[in-house]
Amino acid sequence: MRLLEEIAETISPVSSNSSSSSSNSSSSVEDFGDINRKLLSGWLFNCHGLWYNLAVIIPSVIFIVYLGYQAKKSFIKLSHGRSHIMISYYGLLWLVSLLNLAWCFLQAWECTPGKESGWNLLSLFTSSGMLFLEISLVAFLLQGSYTSSLEALTRTFVISGIIVGGDILLKAIYVYGFGVPLFIDTDQATNRAKWGLLLIHKLLLTTAYGFILYMHHSKWRERLPARPAFYNYILVMCGLNAVALFACGLLGTGALFELWMYNLTTVCYHAFYLPLIYLTFLADFFQEDDLHLENVYYSEMKDAGFFDADWE
């Protein structure tokens with residue numbers, strides 16, 4: 001009997017220890033799951049909210065997937081076409097699209113303590129890359145048409161680089177020198193230094209696009225490419241910058257509704273500007289061979305008499 005009592009006493013602490021260890025492991029798993037859920041919910045719901053984040057993330061992901069799906073055919077076309085402009089802009093489009101995708105996925109940094117510096121740096125490079133595309137495309141439009149000369153490409157990129165470099169320097173001075181939260185929109189509706197600089201920025205862009213629209217309806221119309229897609233691109237960008245200009249002007253006075261309006265233009269810009277560039281300036285270039293081959297096949301089949309029965 002004593003032997004049985006000793007065995008029972010030794011088994012009881014072991015079972016209690018195992019039960020406590022299992023409860024500790026289950027609680028640690030639950031804690032890990034809670035941490036993951038909090039991180040996911042914070043990534044999606046913090047800062048601007050769920051719909052804002054989804055509105056910028058989903059179009060950006062779809063566009064990157066589309067570029068990747070078309071990459072092989074695009075590379076073949078670019079290698080055969082030997083167009084310096086198309087090669088340069090296709091490479092820039094990939095670079096800026098990846099930066100923009102990172103910007104869209106890391107929205108939570110804007111409201112996370114300790115991440116402000118990284119967010120400012122990412123926003124600075126992303127916005128500067130998109131601005132470089134805008135300015136260089138406007139410069140090509142003002143030259144009248146697509147030109148494949150390396151000299152024209154170099155001249156356009158140098159001018160665009162100087163303008164964007166000045167813009168980067170000015171924004172860096174504001175952000176890192178004066179501490180102006182240029183890229184943080186939450187609870188910043190009354191910061192006049194921020195909205196004053198953005199007002200000038202949007203005013204210059206709106207003026208440039210408005211001038212091109214004026215040229216389209218003036219005697220200088222022949223200097224612009226005779227393609228409706230170019231005119232539609234300028235019209236969309238002029239309207240978008242005009243709305244952002246109006247919002248920045250009122251935000252400097254402390255109006256809160258215009259912050260929502262400005263955020264809407266930001267969503268539209270980051271979600272749809274890069275696909276708009278692709279559709280307007282690159283899509284036709286990559287489809288030229290396909291259309292040419294279809295016309296060749298149709299002519300060969302017509303010469304062979306495949307469509308004679310349709311005319312009888």
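**From one threonine to the whole chain**

Author: Threonine 156 is a place to begin, and this residue sits in helix α6. Please keep in mind throughout that the model is a predicted one.

Reader: Is threonine 156 buried or exposed?

Author: Threonine 156 has a relative accessible area of 2%, and because buried means under 20%, this threonine counts as buried.

Reader: And which residues does threonine 156 touch, leaving out its neighbours in sequence?

Author: Setting aside residues up to four places away in sequence, threonine 156 is in contact with Ser136, Ala139, Phe140 and Gln143.

Reader: Let me step back to the fold, then. How many helices and strands are there in the protein chain?

Author: The protein chain has 10 helices and 0 strands, so that reading along the sequence gives the pattern α-α-α-α-α-α-α-α-α-α.

Reader: What share of the residues is buried, and what share of the contacts joins residues at least 24 apart?

Author: Of the 312 residues in the protein chain, 39% are buried. When contacts between residues at least 6 apart in sequence are considered, 72% of them join residues at least 24 apart.

Reader: Which stretches does UniProt annotate as "transmembrane region"?

Author: The UniProt entry, which is unreviewed, gives that annotation to residues 50-69, 89-109, 121-142, 154-175, 195-217, 229-253 and 259-281.

Reader: Take 89-109 and 259-281 from that list. How much of each span is helix, and how far apart are the end C-alpha atoms?

Author: Residues 89-109 are 81% helix and 0% strand, with end C-alpha atoms 29 Å apart. Residues 259-281 are 100% helix and 0% strand, and the end C-alpha atoms of that span lie 32 Å apart.

Reader: What surrounds tyrosine 90?

Author: Not counting residues up to four places away in sequence, tyrosine 90 touches Leu67, Ala71, Ser74, Phe75 and Leu78, and it also touches Leu282 and Phe286.

Reader: Which element gives the most to the lining of the largest cavity, and how does the lining divide by class?

Author: Helix α5 gives the most, with 6 residues. By class, the lining of the largest cavity has 13 nonpolar, 9 polar and 5 charged residues.

Reader: And what lines the second largest cavity?

Author: The second largest cavity holds about 80 Å³ of space, and its lining is made up of Leu141, Ile212, His216, Leu224, Pro225, Arg227, Phe230, Tyr231 and Ile234. Helices α7 and α8 each supply at least two residues of this lining, and α8 gives the most, with 3 residues. By class, the lining of the second largest cavity has 7 nonpolar, 1 polar and 1 charged residues.

Reader: What about pockets: what is the volume of the largest one, and which residues are closest to its centre?

Author: The largest pocket has a volume of about 510 Å³. It is lined by 24 residues, and those closest to its centre are Leu131, Ile135, Ile163, Leu204 and Leu205. Helices α5, α6 (150-177) and α7 each give two or more residues to the lining of this pocket, with α7 giving the most, at 9 residues. By class, the pocket lining has 16 nonpolar, 4 polar and 4 charged residues.

Reader: One last topic, cysteines. How many disulfides does the structure hold?

Author: The structure holds 0 disulfides. As for individual cysteines, cysteine 248 is buried at 1% relative accessibility, whereas cysteine 268 is partly exposed, with a relative accessible area of 29%.

Technical notes. Residues numbered from 1 in each chain as written. Predicted model: local features only at pLDDT ≥ 70, side-chain atom pairs only at ≥ 80, totals over all residues. Heavy atoms only, no water. Helix = DSSP H or I, 4+ residues; strand = E, 2+ residues; numbered from the N terminus. Nonpolar A, V, L, I, M, F, W, Y, C, P; charged D, E, K, R; others polar. 1 Å grid on protein atoms, 1.4 Å probe; cavity = no way out; pocket = protein on both sides within 12 Å on 5 of 7 lines; lining within 4 Å. Points joined across faces, edges and corners; volume = space filled by probe spheres on them. UniProt positions renumbered as here; feature names shortened; annotations may be inferred. Disulfide = S-S within 2.5 Å. Buried < 20%, exposed > 50% of the residue type's maximum accessible area, 1.4 Å probe, protein only. Contact = heavy atoms within 4.5 Å.
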